[in-house]
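Here are some notes for reading this structure alongside its sequence. Please keep both open and check each point in turn.

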Amino acid sequence: MVKPLLDGFKIFRKDFFAKDKDFFNRLIKRGQKPKIMVISCSDSRVDPAILFGTRPGELFVVRNVANLVPPYAPDDGYHGVSAAIEFAVRDLLVDHIIVLGHAYCGGICALCDDYKLEITQNNKSDKNVTREFINSWINISRPAIMKVDFSNWSELSRSQAEQLSIVNSLTNLMTFPWVLEAMNKKKLLIHGWWFDMENAELWSNDKGKESFSKLML
Ligand SMILES: [Zn+2]
């Protein structure tokens with residue numbers, strides 16, 4: 001059923017657009033100039049604009065399965081996420097990039113399940129490859145989740161895997177030469193945030209560490 005979306009659009013047109021046409025005209029005339037890029041999960045429960053209360057034009061967003069950043073790989077592949085990062089950093093000149101992870105991430109959970117199966121079977125060839133694209137995509141975070149203690153799995157391990165994956169994405173971000181250059185020139189800051197959707201808390205990666213601290217808001 002897409003009707004609720006059309007109803008929602010009608011409300012947007014009446015209550016948002018019609019009430020502030022000048023705002024949209026300005027956005028059209030001057031173009032978008034967002035200062036913040038958010039890389040978040042495709043998960044329907046984690047919408048950056050809703051979470052951060054932003055208006056059109058404020059956030060440049062790329063969403064993908066498990067909010068991953070692949071490493072820099074300048075080849076002929078279809079690098080949708082890398083293209084978005086390139087546009088944000090080299091053209092929009094954003095000041096901040098936020099990698100926004102979250103609790104109960106299905107992508108990270110699938111990666112952990114794959115890895116758990118692999119270490120219990122002790123055989124890589126028996127990997128749980130059930131999808132054509134998802135398995136190789138989430139493997140981007142494989143180096144991160146290998147640090148999780150799978151022999152003593154708990155709810156905390158799940159959060160730990162999600163947070164280590166964010167750190168891995170931050171590390172991958174810095175493999176893009178123009179990201180690193182902008183950071184070195186103090187023109188760009190990168191952040192790793194984890195959204196605890198159970199308690200509506202935001203956790204931030206401690207600079208230079210793998211740990212996260214709750215943001216006091
Ligand atoms: Zn997710």
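How many Å separate the centres of domain 1 and domain 2, taken over C-alpha atoms?

1. The centres of domain 1 and domain 2 are 30 Å apart, taken over C-alpha atoms. Domain 1 covers residues 1-31 and domain 2 covers residues 36-214; such bounds come from an automatic or database domain assignment.

2. Two points on reading the model. It is a predicted model, in which local features need pLDDT of at least 70, side-chain atom pairs count only at pLDDT 80 or more, and totals for chains, interfaces and linings use all residues. Residues are numbered from 1 along each chain as its sequence is written.

3. Helix H2 takes up residues 21-30, and of these 10 residues the number buried is zero, so H2 lies largely in the open. A residue is buried if 20 or more other C-beta atoms lie within 10 Å of its own, exposed if 12 or fewer, and partly exposed in between, with C-beta atoms placed from the backbone. Helices (H or I, at least four residues) and strands (E, at least two) are DSSP runs, numbered from the N terminus. Just after H2, Gly-31 has a positive phi of about 80°.

4. The largest nonpolar core has 46 residues. A nonpolar core is a set of buried Ala, Val, Leu, Ile, Met, Phe, Trp, Tyr and Cys residues joined through C-beta atoms within 7 Å. Among those with the most contacts inside this core are Met-37, Val-94 and Ile-97. Met-37 is in contact with Phe-60, Ala-88, Val-94 and Ile-97, leaving aside its neighbours within four places in sequence. Two residues are in contact if their C-beta atoms, placed from the backbone, lie within 7 Å. In soluble globular proteins, nonpolar side chains tend to be buried together.

5. Helix H4 (residues 80-91) packs with helix H9 (residues 177-184) at an angle of about 35°, and their axes are 10 Å apart. Axes are lines fitted to C-alpha atoms, for helices over the stretch in contact, and angles run from 0 to 180 degrees between N-to-C directions. From H4, the residues Ile-85, Val-89 and Arg-90 meet Trp-178, Val-179 and Ala-182 of H9. The residues of this contact divide into five nonpolar, no polar and one charged. Here Ala, Val, Leu, Ile, Met, Phe, Trp, Tyr, Cys and Pro count as nonpolar, Asp, Glu, Lys and Arg as charged, and the others, Gly among them, as polar.

6. Two residues other than glycine have a positive phi. For Leu-93, phi is near 55°, and this residue sits in the loop between H4 and strand S3 (96-102). Leu-93 counts as partly exposed because it has 13 C-beta neighbours inside 10 Å. For Ala-200, phi is about 50°, and its place is the loop between strand S4 (189-196) and strand S5 (201-205). Ala-200 counts as exposed because it has 9 C-beta neighbours inside 10 Å.

7. Which residues does Trp-137 touch, not counting residues up to four places away in sequence? They are Val-65 and Leu-68. Trp-137 belongs to helix H6 (residues 134-138), and with 18 C-beta neighbours inside 10 Å it counts as partly exposed. Trp-153 is 16 residues from Trp-137 along the chain, and their C-alpha atoms are separated by 23 Å.

8. Tyr-104 is in the loop between S3 and helix H5 (106-121). Tyr-104 is partly exposed, as it has 16 C-beta neighbours inside 10 Å.
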